[in-house]
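Subject: The structure, and what turned up in it

Hi,

Here is the structure I promised to pass on. Have a look at it first, then read my notes below.

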Amino acid sequence: MKSCWMFVIGSVLLGLSCSSPPSPQRSGIDESRIVDLTYSFDENTIYWPTAQPFRWEKESWGQSAGGYWYTAARYSASEHGGTHFDSPIHFGEGRSSVDQIAPGRLIGPAAVIDVSAACENNPDYLVAVSDLTGWERAHGRIPDGAIVLFRTGWGRYWSDRKRYLGADAPGDTQNLHFPGLSREAAEWLVKERRIDGVGIDTASIDYGQSKDFIAHQVLNGADIYALENVAALEALPPLGSTIIALPMKIRGGTGAPARILALLP
Ligand SMILES: [Zn+2]
């Protein structure tokens, strides 16, 4: 009896009743298991050196003439900056623009491949096929429909533009240094597995010194999208999370700012 009362009191606190089993939260999602993989957009957000950065201006702010509180602002930016989505049309002629991606492809199982040790002393590191096969030996085959996320460790430099990009002069694309994917790794993912997207915690899936953006060419050419400047990858296990990557639905867009969430297992 005493334990039943304890249960009732506990259940009231939890919003349960004695007769029904614990119910999931209304969303059906355990909200304590959500990780936000998105950086905020503001005047410091890192954009490609040739791109227009994020601009945000207040249009109205405060008590209105009508006596009520009213705020509104306007923003503008290039598509490719901050935490964002590269649609296949970015480097794949005739491929999908951001509005044409089927919603189901924006949600998928994460495969998180940690290459941070190799990148530690080599800012020009290229993810190799052996990084992919090594991950599979430990965790099994990359699932169909996966979003393959590469953790280089560069996220820790996000607040330091020079360290993150390797160069911080506006327009300077010659002195960029950060890790990316090798041509071979991109081709392996296209030919050997059936993934929906890739993502990385650097400014580009191609390394900073790339001149031909071959990983973009290969992956976008195969209608695979990319997520760039992905935050907080250190919070994800190698396998078991679900990614929800939602870009702004710009008609014809080659990319867009994206809100990216992970649901931990
Ligand atoms: Zn991009």
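What follows is a short tour, from the whole chain down to a few single residues.

Two bits of housekeeping first. Residues are numbered from 1 along each chain as its sequence is written. This is a predicted model, so local features need pLDDT of at least 70 and side-chain atom pairs count only at pLDDT 80 or more, while totals for chains, interfaces and linings use all residues.

**The whole chain**

The chain has six helices and 12 strands (DSSP runs numbered from the N terminus, H or I of at least four residues for helices and E of at least two for strands). Its C-alpha trace spans about 70 × 65 × 40 Å along the principal axes. Of its 265 residues, 36% count as buried; that label needs 20 or more other C-beta atoms within 10 Å of a residue's own, with 12 or fewer meaning exposed, anything in between partly exposed, and C-beta atoms placed from the backbone. Among contacts with a separation of 6 or more, 74% join residues 24 or more positions apart (a contact means C-beta atoms, placed from the backbone, within 7 Å).

The domain assignment gives domain 1 (2-26) and domain 2 (37-263), with bounds that come from an automatic or database assignment. The C-alpha centres of the two domains lie 43 Å apart.

**Helix H5 and its neighbours**

How do the axes of H5 and H6 (residues 214-221) cross? Arg183, Ala186, Glu187 and Val190 of H5 meet Ile214, Ala215, Val218 and Leu219 of H6. These contact residues divide into six nonpolar, no polar and two charged; Ala, Val, Leu, Ile, Met, Phe, Trp, Tyr, Cys and Pro count as nonpolar, Asp, Glu, Lys and Arg as charged, and the others, Gly among them, as polar.

H3 packs on H5 at an angle of about 50 degrees, with the axes 8 Å apart, and the two helices are therefore oblique to each other. Here Val129, Asp131 and Leu132 of H3 meet Glu184, Ala185 and Trp188 of H5, a set of four nonpolar, no polar and two charged residues.

**Leu189**

Leu189 sits in H5 and is buried, with 24 other C-beta atoms within 10 Å. Setting aside neighbours within four places in sequence, Leu189 touches Val148, Ile195 and Val198.

**Two positive phi values**

Most residues other than glycine have a negative phi. Phe213, in the loop between S9 and H6, has a positive phi near 50 degrees. Asp223, in the loop between H6 and strand S10 (225-228), has a positive phi near 65 degrees. Phe213 counts as partly exposed, with 16 C-beta neighbours inside 10 Å, and Asp223 is also partly exposed, with 18.

Cheers

Key. Two residues are in contact if their C-beta atoms, placed from the backbone, lie within 7 Å. Axes are lines fitted to C-alpha atoms, for helices over the stretch in contact, and angles run from 0 to 180 degrees between N-to-C directions. Angles under 35 degrees count as roughly parallel, over 145 as roughly antiparallel, 65 to 115 as roughly perpendicular and the rest as oblique.
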